[in-house]
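I opened the model and kept notes as I went.

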Amino acid sequence: MAEVYINAKYVGTVDDPRSFVSDIKDLRRKGTLPDDINIFHNKEVDEIYVMSDEGRARRPLIIVREGKTLLTEKHLEQLKDGELTWVDLVRQGVIEYLDAGEEENALVAYRPEDLTESHTHMEITPGSISGVATALVPFGNYNQSSRLIIGSKNQKQSLGFYAANFHLRMDMDANILHYPQFPIVKTRIHDVTDYEEHPSGQNMVVAVMCYDGYNMEDGVILNKGSIQRGLARSTYFTPVKAEELRYSGGLIDEVAVPDKEVKGYRSERDYRHLEADGIVSPEAFVEEGNVVIGRTSPPRFLSGMDEYNLSGSIRRESSVALKHGEQGIADFVVLTENEEGNKLVQVRLREERVPEIGDKFTSRHGQKGVTGILVPQADAPFSTSGIVPDLIFTPHGISSRMTISHLVELLGGKVGALGGRYVDGTLFESEKAEDLRKELLTLGFREDGTEIFFDGRTGKQMLAKIYVGNMYYLRLRHMVANKMQSRARGPIQLLTRQPTEGKAKEGGLRLGEMEKDTFIAHGASLLLKERFDSDRVTVPVCEKSGLVGYYDARTNKLMSPVYGEDSDISYVEMSYAFKLLLNELISLGIHPKIELEDKY
Amino acid sequence: MKAENAKLVDTYENKLPFSVLEEIKNSVPDSASKENIKTILEETFALYLQAKINPGECVGLVSAESIGEPGTQMTLNTFHFAGVAEMNVTTGLPRIIEIFDCQKTIKTPMMEVYLKDPKIENVKALALKIKETKFSEFVTSYSLNIFEQNLKVTLSRELLDDHGLDVKDMIKALKLKAKGFTMESDDGSLTFIHKGKPEDIKDLYNLKEKLKAVKISGLKGIRQVLPVKRGEEYIVLTSGTNLKEVLEMDEVDATRTICNDMNEVYQVLGLEAARQTVINEVYKVIESQGLNIDIRHIMLVADIMCASGVLRGITRYGVVKEKASVLARASFETPIRHLINAALEGEVDALTSVVENVMINQPVPLGTGLPGLITKLK
């Protein structure tokens, strides 16, 4: 007697749970019952759960009966000839989907050799242990699992050919790699996912060596010649948007070149790229401060006087200009309207990004690095056959991370490039490293993949033989051009008069509470005072009332807020933040009285 | 040491600390000549001057950083030593917070009771003697008879024997709580009968609950006892504390027995003992975490906690409340309340410490900011 639940709802009991479960399964495989139901017999509590609702993660497995798979050679032939499809196999009951519950009742063989009488299912491929992104790492079974995860995460950040209609799209922060390539060392997933249609890296000649330490601590060295020939070059797209908002009273924004009378008019120079319609001319190079879309807005508050104002309506300037550090070429302009029916102007900016020092690169094995130097081709090391590496990778990256797949890919890439074929690096089913070595030997190279190298600067032969080959390298989206920022003087906040925060606002880097403590701990108190001078003010303080006074320009006199002219007033230096605190105390109803005394 | 040499050492009375002089007196052999003693004293004095902290060095902040930085590596977990015959102890950051905040009730109050005669039998006897035992622990069954309006309690013979008690002792202990009832004792059982006319059955039920909590033996607050071997001798570890009564017991070695609740130590033994408890307990945690902090940093914090003459935690109600500067107090926690109270009292901030001066951007009176001109310009 087992209780039966359908979608977690009790429906009744059955006397023979074993045959009930197998009957349901048979009916499903025959096609009498839909193939998306699953049944699970929990033997511990003797309950049967039938599930048919949505939202269960399920995976396909080959059905096994009496130690033999239902998938036969004949099926495979038919699949190859295109007479059968996946759906047919599911319909025929050769393959079925299991959910987490039914898996508990299944015994799944990992590969055909493991099959016994008691097995119920077999994996379609051993590689199904990993996800799609992880399966893109070639020779992944040579690695620690954590490196595979890092490797698949890195691939998600790589630049490539993300959409063929990119030139019509208005994506935020889109990057397109120039001349993307299909990897020489591929996995089966690359074929299955049509990777050739959207590749995201390039096959580079990689040498594992040091070059004056420019690749220490996960650096990579790039060959300037390769860069100039277009290696890893990309284009960065970013949109600029402006809409004509509607306000109460029938007032509306207007996209146009602003009049000189407009409130907040910038310099004429900033509007110089605008065409008559108030939008930049295509292919114009715009920089920080330049207006991309000219716009004016109606005045904020209509006072009675304005209606009689003869000088006409004074509109506000509300153009969209580039912020600090931004630049680009106006690539594409779209005029449309948004959901509310307002006019919407979108301008896409384009910028070519040539790899430079500080750009991030990675192989597919979690071996990311930042460019340390661009070496002129003439100075770069070269092999006896005259091969100059595109990228130099540090040997110290391997020992601690133990990414053997990185080394095997290098070898496989070399074999593939020399033999003119693709190398298969599918998880658990890859070509054997041994075979690759033998093939390399027949191609006329050293079996271990090393070659004799010479220093490009001195022409001297290097003492060690250098491990060199081809690898699929990815350029990642983190580029210095988007991140670099510095400031000495710059904009300040209105309220506190302290420097602004963040790159877009040309902000400073905060010297925080704990950093302050280190100054004090060193006894460098005068240095500390200097560092905190960013909001220094000198204010007149009334010695009678102890309040901050003011300078009256009309009478050229210092005034006390309480006693007017009848007080001694002295200038005192303090931080503006403290002056603000004094004002806030006054607003609390507290009279903060400053008592002055002679400094010396 | 010869008397004349000792005299020579005493000439340094105002230059070197007493303990250093004592050490010299005790460790220098009698054969040392006058010249030897002289050089020893000179060298010691030079080293002593070197070890002295310079004026304007901000020891407090250095201590704060020295404790704070390794503190970030401390685990938040309290470890449970599964299977080991030790009790669970709060360690790590929660314990450090507990100590520095000087919390009135700590999570795992404990004592280590040393004995004057640490024989294993004595230790076991003491453990049983001090453990707080309630009446309910002796009971094997209660039976409430509704018809006869009585409550019959069966007691465990073994447990009674273990504690060296019999039913008569029980009656003595329960007398106060069982007012209005007569007790009849049988061999290993007690029967309570309502005096006068039988009333509500609830009375009997209430009586049962009341009896459960009656303390039969032991000291109040000591929930658990565990005899353990410490080095060569046996001691008693207790969970729950009652330092005062334990110290009063004859067999207890009062000079070594310790308690980890600094407030209780302060109450029983005074401020100096509490200070030492704070230092020891903090150091224990730091050691158990495998960290290395100079003990003088902890001593400084403990000194600050004791500086006002009573034990205070480093909280806004404790040490911070004692700060002289309004601005410094306001910058810690609840600024508005501090400012308003200061305004009501007309407090004056002399701007003599660190935080205030950072706020108004004036040189901090430490390090390079400390020296100033003494001569006043006219």
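I began with a sheet in chain A: five strands, open, in the order β10-β14-β22-β21-β16, paired antiparallel. I checked its edges next. They are β10 (174-177) and β16 (285-286) of chain A; each has a single partner strand, so one side of each lacks a neighbour in the sheet. This is a predicted model, and I read it as such.

Inside that sheet I looked at one pair. Strand β21 (residues 328-337) of chain A runs antiparallel to strand β22 (residues 343-353) of chain A, and eight bridges join them. I picked out F332(A), whose bridge partner in β22(A) is R348(A).

Then I moved to strand β12 (residues 202-208) of chain A. Is β12(A) mostly covered or mostly open? I found six of its seven residues buried, so I noted mostly covered. I looked up its partners. With strand β30 (residues 466-475) of chain A, β12(A) pairs in the antiparallel sense over seven bridges. There V206(A) has G469(A) of β30(A) as its bridge partner. With strand β26 (residues 391-393) of chain A, the pairing of β12(A) is parallel, over three bridges. V208(A) faces F393(A) of β26(A) as its opposite residue.

Cores came next. The largest nonpolar core has 34 residues, and I listed those that touch the most other members: V123(B), L126(B), I130(B), V236(B), M262(B), V278(B) and V282(B). Elements of chain B giving two or more residues to this core include α5 (92-100), β1 (110-113), α6 (120-130) and β9 (233-239). Which element gives the largest share of this core? I found α12(B), with six residues.

Beyond its neighbours within four places in sequence, V123(B) contacts L115(B), P118(B), P227(B), Y234(B), I235(B) and V236(B). A second, separate core holds 33 residues, V208(A), L222(A), F393(A) and L411(A) among them.

Last, the contact between chains. I counted 23 residues from chain B and 21 residues from chain A. On the chain B side, α4 (59-71), α15 (335-345) and α16 (354-359) each supply at least two residues. By class, that side of chain B has 15 nonpolar, six polar and two charged residues.

The assignment gives domain 1 (3-51), domain 2 (133-217) and domain 3 (323-369). I noted 45 Å between the C-alpha centres of domain 1 and domain 3 of chain B.

How values were computed:
Residues are numbered from 1 along each chain as its sequence is written. Chains are lettered from A and ligands numbered from 1 in the order in which they are written. This is a predicted model: local features need pLDDT of at least 70, side-chain atom pairs count only at pLDDT 80 or more; totals for chains, interfaces and linings use all residues. Two residues are in contact if their C-beta atoms, placed from the backbone, lie within 7 Å. Helices (H or I, at least four residues) and strands (E, at least two) are DSSP runs, numbered from the N terminus. Ala, Val, Leu, Ile, Met, Phe, Trp, Tyr, Cys and Pro count as nonpolar, Asp, Glu, Lys and Arg as charged, and the others, Gly among them, as polar. Domain bounds come from an automatic or database domain assignment. A residue is buried if 20 or more other C-beta atoms lie within 10 Å of its own, exposed if 12 or fewer, and partly exposed in between; C-beta atoms are placed from the backbone. Two strands pair if DSSP finds at least two bridges between them. A nonpolar core is a set of buried Ala, Val, Leu, Ile, Met, Phe, Trp, Tyr and Cys residues joined through C-beta atoms within 7 Å.
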